[in-house]
Amino acid sequence: MTLQFVLNHFVYGRLDYRQAFKGFLKATGLKRKINWYPYASAAAAILIVVFLLCHNHNSWKEYTAYDITQTFTLADGTQVTLAPGATVSVQEHRNPRHVSMSGQALFTVAKDPEHPFVVTSPQSRIEVLGTVFSITESDKITRVDVTEGHVMASALNGNSTELHAGESALLSDGFWSPLTPSPNPTAWATGSFVYDAVPLADVLNELSAYYGKDIIVPDTDKRLTAEFSTDMPLDEILGFISLALNVDLK
Amino acid sequence: MLSVNHIENLYRLLFRPLCLYAIHFLEDMDEAEDLVQECLIAYWEKAPEVSSAKSYLYSMVRNRCVDILRKNSVSVPLQEDIPEQEAIDRSEEEARLWTAVERLPEQRRKCLIMAKRDGLSYKEIAEQLGISEHTVRNHINRALSSLRGGSDKSFNLVLSFF
């Protein structure tokens, strides 16, 4: 029925957000012109200078993920994946390799040895050259998971720690403490859990943390090789695992 | 003020589903597109502090649709009397299907639309496109199966035993 509704109304090329967004710019652009109108008597050159100054002062560009996880490419080629509610801001014209962020973000930093890439959050400063890492920042804690390369993570009080690929650390009360790495710290961004002969206990601990549900870990040394989408309900994943490894997960 | 980037994201994520949502009320694509456009502009102008831009926009679109129907003394279509969240989910699914139809190979898409929207017979489609009836049937079957296949949540599962 849903499909028939779509087909009944379908016209190729219509309901295109790009077209609509152009219309939006046109409509709101008119507004801006109206705002400038009182200045129209001033010399055009002055207007242009004023515009450029304003433009420079407001050149913070903000990327925000609203209801879904989204990936953005920054001016220097760095990719940022943001969890819903996360924001990064960057001054593209002034300092393209310095971003500030809040929430949960995965950075795949474009390599540029001359210019370190720096991420600041309200509690920390992370400096890298070219690497993949994610930051989860909330009121009290900052968590850093490094997938590739290495980073230098500092708290605002100067305490710092160097993290290499596969390492994770938690910043709490101004101190960094190492975390037992989980197999897929960036599952929220990649949309999948990938396990390659991972001990069942590690798998279940990760799933338990991700879904926020308690799972009783059976006493076994079985290992799992599997791939699941994060869209799958936990029950379904556990069903597959118990079937595959012949374990009871209740 | 809301950044242009923020607004562009709202367009990217919400324009199509919001339009489809409005079409359920107005049954007219032009009117629906205009109305959604107006709502997004109004949202930008007001920049209200809301926890979810999405639910805010859906209710704005809904209210304006109902206003238009009232003004024209048309009652809200009965089938629209479903829970808000269900209607939103439905619009998102429709937007997904719309995109899937748009991405079908051209000939396959044409056959599907001529058959299912315009109600032409396979024979009429075959004549208009200069292809055989058999090919028309193939195109439509493939189009439908790819559209239906896509609606299942897909996941990869590779399991091995230790």
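Which residue in β10(A) is the bridge partner of A:Val128? In this predicted model, that partner is A:Val151. The model is predicted, and local features accordingly need pLDDT of at least 70, side-chain atom pairs count only at pLDDT 80 or more, and totals for chains, interfaces and linings use all residues. Residues are numbered from 1 along each chain as its sequence is written, while chains are lettered from A and ligands numbered from 1 in the order in which they are written.

Chain A contains 6 helices and 15 strands; helices (H or I, at least four residues) and strands (E, at least two) are DSSP runs, numbered from the N terminus. Of the 250 residues in chain A, 27% are buried. A residue is buried if 20 or more other C-beta atoms lie within 10 Å of its own, exposed if 12 or fewer, and partly exposed in between, with C-beta atoms placed from the backbone. Among the contacts in chain A with a separation of 6 or more, 36% involve residues 24 or more positions apart; two residues are in contact if their C-beta atoms, placed from the backbone, lie within 7 Å.

Strand β6 (residues 117-120) of chain A is joined to β7(A) by 4 bridges, and the two run antiparallel. Two strands pair if DSSP finds at least two bridges between them. β6(A) and β7(A) form a hairpin, with 3 residues between them. Within this pairing, A:Phe117 has A:Val128 as its bridge partner, and A:Val118 has A:Glu127. Strand β5 (residues 95-108) of chain A runs parallel to β6(A), joined to it by 3 bridges, and A:His98 stands opposite A:Val118.

In chain B, helix α2 (residues 29-46) and helix α3 (residues 53-71) pack at an angle of about 130 degrees, with their axes 10 Å apart. Axes are lines fitted to C-alpha atoms, for helices over the stretch in contact, and angles run from 0 to 180 degrees between N-to-C directions. α2(B) and α3(B) are therefore oblique to each other, since angles under 35 degrees count as roughly parallel, over 145 as roughly antiparallel, 65 to 115 as roughly perpendicular and the rest as oblique. The contact is made by B:Leu35, B:Val36, B:Cys39 and B:Tyr43 of α2(B) together with B:Leu57, B:Met60, B:Val61, B:Arg64 and B:Cys65 of α3(B).

The contact between the chains takes 37 residues from chain A and 41 residues from chain B. On the side of chain A that touches chain B, α1(A) gives the most, with 8 residues.
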